[in-house]
Amino acid sequence: MPLYEFKCQACGRRFEALVRIGGENGVCCLACGGREVNKLVSAFGIGGGASRLKSTGSGCATCSSSSCSTCK
Ligand SMILES: [Zn+2]
């Protein structure tokens, strides 16, 4: 099951919850039990993708060294 982050509309608290696909409507706030919660985009997934793209700054796309047969 995917882990999602939610924000409660009643008390403003953020919390994470494991949710089945299509089961977001059954999530309640962990602090106050309110059912008015917004699902937030996972910050974990965004950060991982961005750092991976940055690591290809040196060398070419197919090797980690600064020069190989496919480097230009
Ligand atoms: Zn709440």
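Reader: Is cysteine 28 buried, partly exposed or exposed?

Author: Buried means under 20% relative accessible area, exposed means over 50%, and partly exposed lies in between, with a 1.4 Å probe and protein chains only. Cysteine 28 has a relative accessible area of 28%, so this residue is partly exposed. This is a predicted model, in which local features need pLDDT of at least 70 and side-chain atom pairs count only at pLDDT 80 or more, while totals for chains, interfaces and linings use all residues. Residues are numbered from 1 along each chain as its sequence is written, and side-chain values use heavy atoms, with hydrogens and water left out.

Reader: How many disulfides does a search of the whole structure find?

Author: A disulfide is a covalent bond between the sulfur atoms of two cysteines, and here the term is applied to a pair of cysteine sulfur atoms within 2.5 Å. The search of the whole structure finds zero disulfides. Cysteine 28 is in none, and the nearest cysteine sulfur, that of cysteine 29, is 8.6 Å away.

Reader: Which residues coordinate the zinc ion?

Author: Donors are N, O and S atoms within 2.8 Å of the metal (3.2 Å for Na, K and Ca), and water is not among the atoms, so sites may look incomplete. The zinc ion is coordinated by the SG atoms of Cys8, Cys11, Cys29 and Cys32, at 2.2 to 2.4 Å. Along the sequence, these donor residues follow the spacing C-x2-C-x17-C-x2-C.
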